[in-house]
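These are my notebook entries on one structure.

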Amino acid sequence: VIKLSAGNILIPLATGALLAWAFPSLFGGNGGFPLVLFIGIALSITALPVVAKILMDMGLFQSDFGMLVLASAVVNDLTGWIMFSTLLQILHTGQASPAVLVKTVAITVMMTVLLLTALRFVINRTLPWIQANTQWPGGVISFIVVIGLAFAALTEAAGIHAIFGAFLAGIAIGDSPHLRRHTHEVIEEFATNIFTPLFFVSIGLMVDFLADFNALLTALLLALAVLTKLAGSMIGGSLAGMRRRESISAGFAMSATGTMQIVLGLIAKEYGLINSETFAAFVIVAIAT
C-alpha cells in the first residue's frame, strides 16, 4: 500500500509542479510556489468515494486487488488534503519559509491524528447511546451534522480549511461499527440526491464552459491526470511485486479525481491561484476520469 501510494503521489506531484514552474501562464497563474504546489497536488489527489463506488459496481470491492487500491486511495487522499491544507496556510500567512511549512505540516498532522483517534473514540462511545435514546434516524443524523460542523470549525480555527475537518469527520463516523447500515444508506441517498446536484449546479453557475473551454489545456491536464497515475502505479506496483496488469489497472483506478479535484479547484479559484479556463479544465478532467 505504501509503495503504490508513494508512486501515485510523488510522480503526479513532481510532474505537475515542474510544468507549473516552467509554464505558469499555461495554467492561468502568475507563477510562484503556491501555483506550483497546487498543480502538483491537484494531479496527485485521488477521489476515494469515486474509487470505492467503481470497485463496488464492478464487484471488486472485497477482492485483494480492491482492498489494495482502496487502502492506497485512503493514504493518497489524506496526504493530498494535508498538502493542500499546508498550501492554504501559506496563502493565509503569505509566507512560504521552511519554518512556516514545518509548523503547518505539524499542525495538520496533529489535527488529523487527534480527530481520527481521540475524537473517533468519543464518537464510537456516543453513537450507541444516541441510537438507543433518540428517534431514528433523526437523532443520529443530527449528531452527524453537529460533529461535521464542529470538526470543520475546529480545523478552520487551527488555520486549516473547514473542508478538511468535514472530510475527517466523514472518515471518523463513516466506518464506525456502531453506525447502522440503513442509517448510512439514508445519509448517502440524501447527500447524493440533494447536496450533490446543488453542488454541481453551483459549479455550472460559476463557469461559462463555452467561453472558458481551452481544448489544449484540458487535453494536457487529462493526459497528465491519467499518464502520471499510470506511471506512478507501475513504478510503485513493480517495487511492491505486483503484476503489470494489476499495476496498470491500479493506475486507471487511482486516476479518478472526481469531486475532490473540483473542490480543490474551486478553492484555488477563490484565492486567485487559477483562472476560469483552468478551473473549467479541471472540472472536465474530473468528469472524464
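**Entry 1: overall fold.** I note at the outset that this is a predicted model. I looked up the secondary structure and found 14 helices and 0 strands. Read along the sequence, the pattern is accordingly α-α-α-α-α-α-α-α-α-α-α-α-α-α.

**Entry 2: dimensions.** I compared the radius of gyration with the value for a compact globule. For 289 residues that value would be near 19 Å, and the protein has 19 Å, so the two agree. Along the principal axes, the C-alpha atoms fill a box of roughly 60 × 45 × 40 Å.

**Entry 3: burial and contacts.** Of the 289 residues, 44% count as buried. I then looked up the sequence range of the contacts. Taking those between residues at least 6 apart in sequence, I found that 76% join residues at least 24 apart.

**Entry 4: surface and charge.** The protein exposes about 14000 Å², and carbon and sulfur atoms supply 70% of that area. I recorded 12 positive and 13 negative side chains. The centres of these two sets lie 11 Å apart.

**Entry 5: helix H2.** Helix H2 covers residues 33–44, which makes 12 residues. From its first C-alpha to its last it reaches 17 Å, close to the 16 Å expected at 1.5 Å a residue. I next asked how many of the residues of H2 are buried. The count is 10 of 12, and the helix is thus recorded as mostly covered. The buried residues run from Leu35, Val36, Leu37, Phe38 and Ile39 through Gly40, Ile41, Ala42 and Leu43 to Ser44.

**Entry 6: helix H8.** I repeated the length check on helix H8, residues 162–174. Its 13 residues should span 18 Å at 1.5 Å a residue, and the end C-alpha atoms are 18 Å apart, so the span agrees. In H8 I found Phe164, Gly165, Phe167, Leu168, Ala169, Ala172 and Ile173 to be buried.

**Entry 7: Ser72.** Ser72 lies in helix H4, residues 64–93. Leaving aside residues up to four places away in sequence, Ser72 touches Val1, Leu4, Ser5 and Met254.

**Entry 8: Ala153.** I found Ala153 in helix H7, residues 138–157. Ala153 and Ala52 are 101 residues apart in sequence and 27 Å apart in space. Ser72 and Ala153 are 81 residues apart in sequence and 28 Å apart in space.

**Entry 9: Ile262.** Ile262 has its place in helix H13, residues 258–270. At 2% relative accessibility, Ile262 counts as buried. Which residues does Ile262 touch, not counting those up to four places away in sequence? I recorded Phe199, Phe200, Ile203, Phe279, Val283 and Ala286. I also looked up the separation from Val102: Ile262 and Val102 are 160 residues apart in sequence and 27 Å apart in space, C-alpha to C-alpha.

How values were computed. Residues numbered from 1 in each chain as written. Predicted model: local features only at pLDDT ≥ 70, side-chain atom pairs only at ≥ 80, totals over all residues. Heavy atoms only, no water. Helix = DSSP H or I, 4+ residues; strand = E, 2+ residues; numbered from the N terminus. Rg over C-alpha atoms; globule rule 2.2 N^0.38 Å. Buried < 20%, exposed > 50% of the residue type's maximum accessible area, 1.4 Å probe, protein only. Contact = heavy atoms within 4.5 Å. Areas by Shrake-Rupley, 256 points an atom, 1.4 Å probe, with all protein chains shown as cover. Lys, Arg positive; Asp, Glu negative; His and termini not counted. Charge placed at Lys NZ, Arg CZ, Asp CG, Glu CD. Expected span 1.5 Å × (residues − 1).
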